[in-house]
Structure formats: C-alpha cells, structure tokens
Amino acid sequence: MRAGALRAALLLLPLCAFTAQEPDSNNEQRTTNNETAADQLSPAARRAYTELLKLRTGTAQALARAELRQQPGSAGALLVAEGAGFAELVISQDAARYEIIIDQQDAALAALDAQPRSALRDYVRGEIRLHQAVVQVMFGHELQGAWSLRQAYLQVQQNARRWPGYLPTVKTLGLCEFLIGSVPEGYRWFLNLLGLPGNTEAGLQHLRTAAQRPHDFQPEAQILVALIRQTYYGADEEAATLVARLSREQPDNLLFSYLGMSVQKKLHHADQALAYYRNRPTGPTYVPVAYLHHMAADLLLYQGQYTASERANQQFLSEYRGVHYRKDAWFKLYLAYWLSGDAAQAERSRQQISKGGDTTVEEDRYAQRFVDDRVPLSRPLTRARLHIDGGYYRPALATLDEFRATAATPLRDRLEEPYRRARAYHGLQRLDSARLYYGRCIAASGPAPYYFAPQSALQLGYICQEAGQKAQAKAYFQKALGYGKHEYKTSTDAKAKVALASLK
C-alpha cells in the first residue's frame, strides 16, 4: 500500500491533539450526560489543554507536568503532555524527534494501563494510539501505522460500547469512521484486511452528535464537522463562520489563526487569508509553524506580489524540517521568479525541485511532474490559475483572453484553457457558462492523464447535486472516479466517493 493512501485517511487526525474547550471562568467542572468528575478534565488539566490548543506547547507541558506531580495517573494531564510533543512533531516534521515521541507515547500508554478504568482514561488511551498511528505513517512506517490505526479503532469501538453516550469517544469514533470510509476504493482491500470498515455518513452523524452538546472536547468536534463539510461537501461558509467566531473569542490562539487562514485560502479569499496571517499571535511561547509562511507565499503569488512570495517561501524552506511541500515550495519559487522575469533564478529553482523532498503530497507530485514532463508553461494560463486560486475571477477571465492556441500548442494547455474558464465562471456563480466549459474540457480530454477532466466531472457533480439533479450528479461523480492516474487522483476520488455516499 502506498503511503499516500493511508496518509490521506489520516489527514485531519492531528487536529485531535490541538483542540479543547476554553475553561469556564469559574474553573468549575461541568457534569453532563451522567458523567462523573473522573470522566472530565480536571481544572488544572483543562488549563493546560487550553494552552496546547493555542499552540503554546511549552506552557502546556509545564502545566501538565505540575499536575502529574500532584496526580501521577491524571489521564487529562497525560493526554496534554503527550499531545504537546505530538503537536510539535506534526508541525515541525523533524524526523530526529520521531523515536523520542514514540517512546513518550508508549510510556503514556503504560501509565494509563496502570490506572483504574474510566471513560476519560479509555478515551485518552484511544487518542494516544491514534496519534501514534499518525506519526508512524507520517514518517514512513506505514505497516506499523496501519497496525496502530487498527488498535486505535478497535479501542475506540470498545470504548463506545463500554461507555455509551460518552461524547468525546463519539467524536473520535465518528472521525475514524469518516476518514477510513473516504479512502479510495483502490486501497479498500488493505483496510478491509485489517478489519477497518469505514462509513462516511455514520461517521459524520457521530461527529455532529459530539458537536451539538457540551463536553470538554466539543469545539474539536465542531471544527472537524466544519472542515469535513467544507472539504467534502462544499459547505464553505459554515467553516468560515465557525473559525471566525473562534478567532474573535480567542485572538491569542495560533491554531485558530492557522485554521482561519487555511479555510479562507480554500475559499479562494486571498485577502482574508492574508489578514489571518498578518494578525496571527506571535512570540517565543508559541511553537513555530513554518507552514504558515508557505501558505502566505501562495497567497502573495496569487496577488502578483512576487518578491514578497519569494521571501515567504525562502523562510519556510529555512525553518521547516520535514520532507513534504519542499518540491512545491521550489515550484512556487520558480513561478515567482519566472513571472517576474528573472530567468536565471527561475532555472535555479526548477533544478532544486528534484533535489530533495518527497512526492507523497499531491502538490509535491505536481511539482515533480512539471520537471519530468519538460512541457513549458503558458504565462496566460499560469497567471489565470493563480488569479482563480486567489478568488480574482474577473482578472482571470481577462488574462485567459490573452491565450491563443495554435497547432503547436500542447494538449495540456488546450485542456487547461476551458477548465480555467469554467472555474472562473463557477466562482462568479455563472453556472451555465461553467457547465459549458467543464463539458468542453471533458469532451476534449479523452484518456489524457491530466486532472482537468476529472476535476471538471467532480465540479459538474457538485453543480447538479446543488440543483437537485441527483441522477446527473451521480453520473458525474462516477465519471470522476473512472479516470486513471493523474496528479490529484487521491483527493478527487475521495471527494467523489463521499459525494456519492451522500446522494444515498
């Protein structure tokens, strides 16, 4: 099994380490759903978790350790102490810390095993198993990670049977069900072999249940529901509204700034995304998040601020310790230099794409394919794509008018032009025009190994679904799944699969 398939299934799981409820002003514990005090975070653990939520991992660790000195078996404090190291590893991608974190997770699990059984204790065991699966897969230990995922899922299912109605466990069960259920069909055999059946609709329903009622981890469930609905169902404004509210309530929360930036970037709102970046909390108490600079570099590229984009990506490359997104960063540096007319620096950046990094992430795969295919880019199409990614749809259409196809124009460019027009019209809600150009792209594509036709089919499915045309939507989603290998097949297939399930 390729690492990318399982990583796709675990994409959202790192959020489990970061999200928790802001403590009540009187620091009293809440008792809901017949929970006892042992089923909830202690006031001290809740304060520590709040610091972790803000990505102030050092402060969170110190508070958790103080709690553990007073109560060595505190499940909440063990979760925070492990979660802080897990968060730092996931964010930094520093392979040198991998074994240290795995050992810390094993020690936390051993400490929990020595404690009396409770809903919270069992919930924390499941969470730490899940975190371990994430880091094992993330750092290339796919078989170990798959086994840890199986152990975590079985633990969570057992918890749900033993503690029915315990909302934190309902939240994690729903997340596992949804993400495993969204794995593309080509990889289902492996998960079935491990006994990991998923169900996207059941998973989303469990997440909604956990999001609707108060408990220590309710905001985590709310965020996960919003992000899943945005990513797989197009519920964009729902995610934007939730993250905006959370950011207003906690302006010192770096995680919420990151989420706001990410959500607005996916919405093609470059200006709003950059506002989150520029207003984010900073200082030595926060864990450095180098990926923020890479996202900012993209946003600045969309705006045509090439020098600023170059600086942001160079900062990302100098601070980041991981292997993912490096090829993408060098590709974006190439674009910035090329579009600004610096051919020498553009060529140096192009040569760097193949010299390091990994191709598990789809963006990196796209960058490597750009080098391997050796097909020169079209300036009008490239600039139009960047305009569309930033939400500048009218400038994109004006730029596309500069494109002129000839007999020598590569097939890729001839397919990209109608696709870009469709995306621009779609963004402007001119759906008849969008349908026309998506259809033209599909008709001209045939079996060409590019993502324009599969994405066109997916977008046409969404348009038909929103219009209540279920039969047409189903046909387009199935068509999206039917295309062979292309740059974004993993994510396209996952979205089409979830969309088909929702039609039922």
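This is a predicted model: local features need pLDDT of at least 70, side-chain atom pairs count only at pLDDT 80 or more; totals for chains, interfaces and linings use all residues.
In which crossing, left-handed or right-handed, does α17 pass α20?

**Figure 1. Packing of helix α17 (residues 326–339) against helix α20 (residues 379–390).** The crossing in which α17 passes α20 is left-handed. The two axes lie 12 Å apart, and the helices pack at an angle of about 120 degrees. Because angles of 65 to 115 degrees count as roughly perpendicular and those over 145 as roughly antiparallel, α17 and α20 are oblique to each other. On the α17 side the contact is made by L335, W338 and L339, and on the α20 side by R379, T382, R383 and L386. By class, the residues of this contact of α17 with α20 comprise 4 nonpolar, 1 polar and 2 charged.

**Figure 2. Crossing of helix α14 (residues 270–278) and helix α15 (residues 291–302).** The axes of α14 and α15 come within 10 Å and cross at roughly 145 degrees. The crossing of α14 past α15 is left-handed. From α14, the residues A270, A273, L274, Y277 and R278 meet L292, H293, A296, L299, L300 and Y302 of α15. The contact of α14 with α15 divides by class into 9 nonpolar residues, 1 polar residue and 1 charged residue.

Figure 3. With residues up to four places away in sequence set aside, Q61 touches A81, A84 and G85.

**Figure 4. Q455 in helix α24 (residues 452–466).** The relative accessible area of Q455 is 11%, so this residue is buried. Q455 touches Y419, R423 and T492, residues up to four places away in sequence not being counted. For orientation along the chain, Q455 and Q71 are 384 residues apart, and their C-alpha atoms are separated by 53 Å.

**Figure 5. A473 in helix α25 (residues 470–482).** A473 is buried, its relative accessible area being 0%. Apart from neighbours within four places in sequence, A473 is in contact with G461, C464, Q465 and L503. The C-alpha atom of A473 is separated by 8.9 Å from that of A499, a residue 26 places away along the chain.

**Figure 6. Cysteines C176 and C441.** The count of disulfides comes to 0. C441 is in no disulfide, and the nearest cysteine sulfur, which belongs to C464, is 16 Å away. C441 is buried, with a relative accessible area of 0%. C176 is likewise buried, at a relative accessible area of 3%.

**Figure 7. Q93 in the loop between α4 (75–92) and α5 (98–113).** Most residues other than glycine have a negative phi. Q93, which is not a glycine, has a positive phi near 60 degrees. With a relative accessible area of 9%, Q93 is buried.

**Figure 8. Q429 in the loop between α22 (411–427) and α23 (431–445).** Although Q429 is not a glycine, its phi is positive, at about 65 degrees. The relative accessibility of Q429 is 54%, so this residue counts as exposed, the threshold for that class being over 50%.

**Figure 9. R161 in helix α7 (residues 142–162).** R161 is exposed, with a relative accessible area of 62%. Computed along the sequence is a spacing of another kind: R161 and L242 are 81 residues apart in sequence, and 31 Å apart in space from C-alpha to C-alpha.

Technical notes. Residues are numbered from 1 along each chain as its sequence is written. Side-chain values use heavy atoms; hydrogens and water are left out. Contact means heavy atoms within 4.5 Å. Axes are lines fitted to C-alpha atoms, for helices over the stretch in contact, and angles run from 0 to 180 degrees between N-to-C directions. Helices (H or I, at least four residues) and strands (E, at least two) are DSSP runs, numbered from the N terminus. A crossing is left-handed if the near helix is turned anticlockwise from the far one by less than a right angle, and right-handed if clockwise. Ala, Val, Leu, Ile, Met, Phe, Trp, Tyr, Cys and Pro count as nonpolar, Asp, Glu, Lys and Arg as charged, and the others, Gly among them, as polar. Angles under 35 degrees count as roughly parallel, over 145 as roughly antiparallel, 65 to 115 as roughly perpendicular and the rest as oblique. A disulfide is a pair of cysteine sulfur atoms within 2.5 Å. Buried means under 20% relative accessible area, exposed over 50%, partly exposed in between (1.4 Å probe, protein chains only).
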